[in-house]
Amino acid sequence: MGRFKVVDYSARFLPVDLSRQLLPGTFEFALHHLLEHELDLSEIESRYCNDEVGASAYEPRILLKIVLLGYARGILSSRAMEAACRDNVQFIALSGDAQPDHSTLARFVSELGEAAGKIFTRVLLICDRQGLIGREMFAIDGVKLPSNASKAKSGKRKDFVRQANKMHQAVERLLRKHRDSDAIDAEPQLRAREQRHIKRLRREACELEQWLEQHREERKSAKGKPRLSNRTDNESAKMATGKGVVQGYTGVAGVDEKHQVVVHAQAYGSGSEQEVLPGMLDGLERLRAPDTILTADSGYYSEANLKQLESRDIDGYIPDPNYRKRDPRYEGQEQHRGKPDALWDKSTKDKTKMRLFGPGDFQVAADFGHVICPAGKRLYRNGGNCNKQGLRAIQFSAAQRDCGKCPLRAQCLRHPQRSKRRQVAIFLGKHASAKEKASDRMKRKIDSERGREMITRRFATVEPVFGNVRANKKMNRFTLRGEQKVDGQWKLYCMVQNIEKLAHNGYGR
């Protein structure tokens with residue numbers, strides 16, 4: 001049997017040239033060259049006031065190198081970054097063996113603020129100089145990520161007031177029980193535990209009342225509708241995702257098609273994608289060419305947003321939510337939909353709840369003169385050319401004597417207590433007097449061969465970017481609070497994507 005040299009993996013002292021650990025073509029080499037020779041961080045350096053007194057500080061470029069390399073390696077925790085600066089050769093080489101502690105790294109990211117946006121813009125200009133931005137098509141998409149906020153502490157002001165009152169009532173009950181127990185020999189340990197419970201309830205009630213005093217107004221959406229507040233981060237939002245409800249922010253990115261460079265990134269404390277499109281259009285304006293095509297998914301579809309595209313003279317493609325039903329490529333897609341998991345959904349179903357009769361349950365006469373309801377009664381025509389939101393409708397109304405004692409009244413009327421009779425509208429396509437809307441023009445664009453091609457190109461442009469950021473780099477949550485801070489962190493996430501593109505295309509060699 002052959003004899004082999006012994007391999008020893010134990011710790012040892014080795015002569016290592018740190019500069020030679022950064023190999024050309026790698027992410028860390030591009031990051032080092034970018035921060036040492038390209039980016040001006042004088043604005044961040046001006047925040048330090050220790051030129052005459054105080055201890056020396058770590059250079060901002062060193063801290064930024066550590067943070068960006070940590071994000072690129074899937075390390076979001078400042079403590080894990082601190083450990084990597086002690087143990088990992090790449091971190092040691094990139095930071096020059098600086099070894100800052102976790103509080104320094106966490107404070108640096110938290111205080112970066114608007115400076116992150118300016119650094120992102122400078123990196124973007126370098127990508128443009130390297131020829132990585134084609135400006136042929138920009139694809140917009142977003143992802144809802146949890147942040148450093150408690151989902152359990154979301155609600156409206158009336159919910160918080162009710163919680164505070166319940167805490168005060170619980171304190172009164174405990175005090176009354178405590179007074180009653182004075183007449184008998186109560187266990188000292190039980191009394192001490194009750195005292196701690198009373199103290200905790202009073203403290204939480206006081207904190208809740210102070211929060212209500214500081215936030216007198218309900219949060220509202222762009223349309224003026226009430227939005228849930230949050231006591232840990234009131235700028236975050238409670239959002240429904242494919243993996244449940246999260247408390248966090250929506251990170252939106254505009255991606256160029258040529259090399260999948262993120263040309264604009266913004267974080268919003270809202271789960272509505274329709275609200276954020278105007279802001280994204282403003283952010284893309286400085287990089288967009290006159291003939292640049294803009295694409296987005298159906299979440300951004302609304303009449304107001306389509307009018308925005310037309311008013312800005314942007315060639316945009318935003319499909320409506322039902323475009324797949326009209327596209328022959330998605331024929332038979334229903335059989336591939338995920339089936340509900342009976343083990344996961346353990347909620348009891350209300351089997352007594354009945355489905356209300358819809359227009360399809362009424363038999364329409366051949367001449368559209370009347371319809372027959374499920375109870376066999378006739379509804380008479382009382383409008384033959386009604387314009388309902390641009391659609392032609394024929395209206396029918398039942399006689400009050402037929403609906404008054406009908407046995408199917410509860411299944412036919414939405415409000416049986418106050419509705420006297422049933423009315424039905426049968427739609428017959430577009431009304432002759434209806435004006436063409438922006439949504440009508442967009443549907444024609446989407447249903448064309450060009451529109452279907454743009455939908456496919458959007459998938460291939462923006463979805464791999466989010467897959468790289470969330471799955472490969474593990475940047476799947478925000479660690480900060482406040483929209484400005486979270487926006488800075490989202491720009492750092494997207495900056496990792498852009499620097500990686502620079503590295504792959506020979507930057508700094």
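Predicted model: local features only at pLDDT ≥ 70, side-chain atom pairs only at ≥ 80, totals over all residues.
**Ground rules.** Residues count from 1 along each chain as its sequence is written. Local features need pLDDT of at least 70, and side-chain atom pairs count only at pLDDT 80 or more.

**The sheet.** I looked up the strand order first. Five strands form an open antiparallel sheet, β11-β12-β13-β14-β15. Strands are DSSP runs of E, at least two residues, numbered from the N terminus. Two strands pair if DSSP finds at least two bridges between them. At the edges I found β11 (363–364) and β15 (423–430), each pairing on one side only. I then checked β11 against β12 (residues 370–372): they pair antiparallel over two bridges. Gln 363 has Ile 372 in β12 as its bridge partner.

**Asp 487.** I located this residue in helix α17, residues 483–504. A helix here is a DSSP run of H or I, at least four residues. Is Asp 487 buried or exposed? Its relative accessibility is 12%, so I noted Asp 487 as buried (under 20% relative accessible area, 1.4 Å probe, protein chains only). The Asp 487 side chain reaches the backbone nitrogen of Ala 267 at 3.0 Å. Not counting residues up to four places away in sequence, Asp 487 touches Ala 265, Gln 266 and Ala 267 (heavy atoms within 4.5 Å).

**The helix pair.** I turned to α16 (residues 449–472) and α17. They pack at about 110°, axes 11 Å apart. The axes are lines fitted to C-alpha atoms over the stretch in contact, and angles run from 0 to 180 degrees between N-to-C directions. The two helices are therefore roughly perpendicular (65 to 115 degrees). Among the residues that meet are Val 465 and Phe 466 in α16, and Trp 490 and Tyr 493 in α17.

Key:
Heavy atoms only, no water. Buried < 20%, exposed > 50% of the residue type's maximum accessible area, 1.4 Å probe, protein only. Polar contact = N/O pair within 3.5 Å; in protein donor to acceptor, adjacent residues only side chain to side chain. Parallel < 35°, antiparallel > 145°, perpendicular 65-115°, else oblique.
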